[in-house]
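Open the model in your viewer and keep the sequence beside it. We will go from stop to stop, selecting as we go.

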Amino acid sequence: MLVSIIIPTYNRAHLIGETLDSILEQTYPNWECIIVDDGSTDTTDEVVGEYVKKDSRFQYHHRPKDRKKGPCACRNYGFEFSKGEFIKWFDSDDIMYSELLEKQVGTFEEAIDCSVCKVAYYDFEKNETLKENSINSNQLIEDYLVGRVTFYVSGPLWKKSFLNNQNELFDENLSNLDDWDFNLRMLYCEPKIAFIDMPLIKYRIHKDSLSKEIGKLNIKEIKSEIIAREKHLILIRSNNMANFKVLKKSNIEQYR
């Protein structure tokens with residue numbers, strides 16, 4: 001069974017090599033890796049080009065100029081090239097444990113739509129794990145809405161047939177909370193999920209990560225977060241899959 005790994009990248013020439021090395025080290029060999037560049041101005045072309053020469057399982061594409069800039073558009077574009085039965089969204093600065101794909105593919109039974117593993121927040125400068133995320137809950141949607149549970153973009157391995165049934169994959173109008181928005185919309189469709197209660201991905205903590213931009217008061221990213229949160233207030237009010245008041249309270253606290 002083929003796994004399609006889809007990676008958007010932008011000016012990650014100094015980091016993406018480690019990410020691609022971790023894919024080469026996978027104990028599960030049946031994968032393709034689709035890298036979509038978002039208009040990098042560093043040496044990403046040269047770095048990724050070496051991996052494409054080294055292994056035919058790597059593909060390198062550039063986001064068309066008529067597509068909206070951003071990782072969401074790159075993921076959606078990469079999906080169009082995918083041939084796998086499974087889809088693994090991944091970021092160009094994170095690292096796979098060598099057994100990641102093998103363990104996740106191994107959890108799939110006929111009824112399973114998604115396999116989710118934990119992520120280790122990793123400080124590569126100090127070479128230490130800072131913490132792990134929580135992935136399971138008795139009230140999964142509500143806990144995901146308010147951040148008690150997190151999957152990130154890379155934690156799940158999705159069955160492509162499930163994703164093909166969606167009207168929309170990544171919302172290209174979002175640059176922050178885009179993975180939160182995507183995962184929630186998938187959860188509203190009630191996928192059957194297999195959970196792996198161990199970290200199989202190193203989530204890189206560094207000053208240039210997009211997750212740090214809110215703390216830097218980046219107005220574009222703040223606006224994106226507000227748009228995403230207000231979007232889900234409307235969705236929850238209509239689908240009744242969680243307590244609307246809980247999300248509203250959480251949003252107000254986050255805005256403050």
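**Stop 1: an exposed loop residue**

Select Asn 240. Asn 240 is exposed, with a relative accessible area of 63%. Exposed means over 50% relative accessible area, buried means under 20%, and partly exposed is in between, with a 1.4 Å probe and protein chains only. Asn 240 sits in the loop between H8 and helix H9 (244-255). Its phi is positive, about 55°, although Asn 240 is not a glycine.

Two notes before moving on. This is a predicted model: local features need pLDDT of at least 70, side-chain atom pairs count only at pLDDT 80 or more, and totals for chains, interfaces and linings use all residues. Residues are numbered from 1 along each chain as its sequence is written, and side-chain values use heavy atoms, with hydrogens and water left out.

The helix and strand labels come from DSSP runs, numbered from the N terminus: helices are H or I with at least four residues, strands are E with at least two.

**Stop 2: a pair of helices**

Now select helix H7 (residues 178-188) and helix H8 (residues 219-239). Two packed helices are described by the angle between their axes and the distance between the axes. How do the axes of H7 and H8 cross? They come within 11 Å and cross at roughly 10°. The axes are lines fitted to C-alpha atoms, for helices over the stretch in contact, and angles run from 0 to 180 degrees between N-to-C directions. H7 and H8 are therefore roughly parallel to each other. Angles under 35 degrees count as roughly parallel, over 145 as roughly antiparallel, 65 to 115 as roughly perpendicular and the rest as oblique.

Show the side chains where they meet. From H7, pick Trp 180, Asp 181, Leu 184, Arg 185 and Tyr 188. From H8, pick Ala 228, Arg 229, Lys 231, His 232, Leu 235, Ile 236 and Asn 239. By class, this contact of H7 with H8 has six nonpolar, two polar and four charged residues. Here Ala, Val, Leu, Ile, Met, Phe, Trp, Tyr, Cys and Pro count as nonpolar, Asp, Glu, Lys and Arg as charged, and the others, Gly among them, as polar.

Stay on H7. Is H7 largely enclosed or largely open? 11 of the 11 residues of H7 are buried, so H7 is largely enclosed by the rest of the structure. Among the buried residues are Phe 182, Asn 183 and Met 186. After H7 comes Glu 190, with a positive phi near 55°.

**Stop 3**

Select Ser 175, in the loop between helix H6 (160-164) and H7. Ser 175 counts as buried at 13% relative accessibility. Its side chain makes a polar contact of 3.0 Å with the side chain of Glu 221. A polar contact is a pair of N or O atoms within 3.5 Å; within protein, one must be able to donate a hydrogen and the other to accept it, and residues adjacent in sequence count only if both atoms are side-chain atoms.

**Stop 4: a covered helix**

Move to helix H3 (residues 71-81). H3 is mostly covered: eight of its 11 residues are buried. Those buried residues include Arg 75, Asn 76 and Tyr 77. They pack against strand E1 (3-9), E2, strand E3 (58-62), strand E4 (86-89), H6 and H7. Contact means heavy atoms within 4.5 Å.

A disulfide is a pair of cysteine sulfur atoms within 2.5 Å. The count by this rule is zero disulfides.

**Stop 5: a strand residue**

Select Gln 59, found in strand E3. At 19% relative accessibility, Gln 59 counts as buried. Its side chain makes polar contacts with the side chains of Glu 32 (3.3 Å) and His 61 (2.9 Å).

**Stop 6**

Finish on Ser 40, in the loop between strand E2 (31-37) and helix H2 (44-54). Which polar partner does the side chain of Ser 40 find in Asp 37? It is the side chain of Asp 37, at 2.6 Å. A polar atom of the Ser 40 side chain also lies 2.7 Å from the backbone nitrogen of Asn 11. Asn 11 is in the loop between E1 and helix H1 (16-24). Asn 11 has a positive phi of about 50°, although it is not a glycine.
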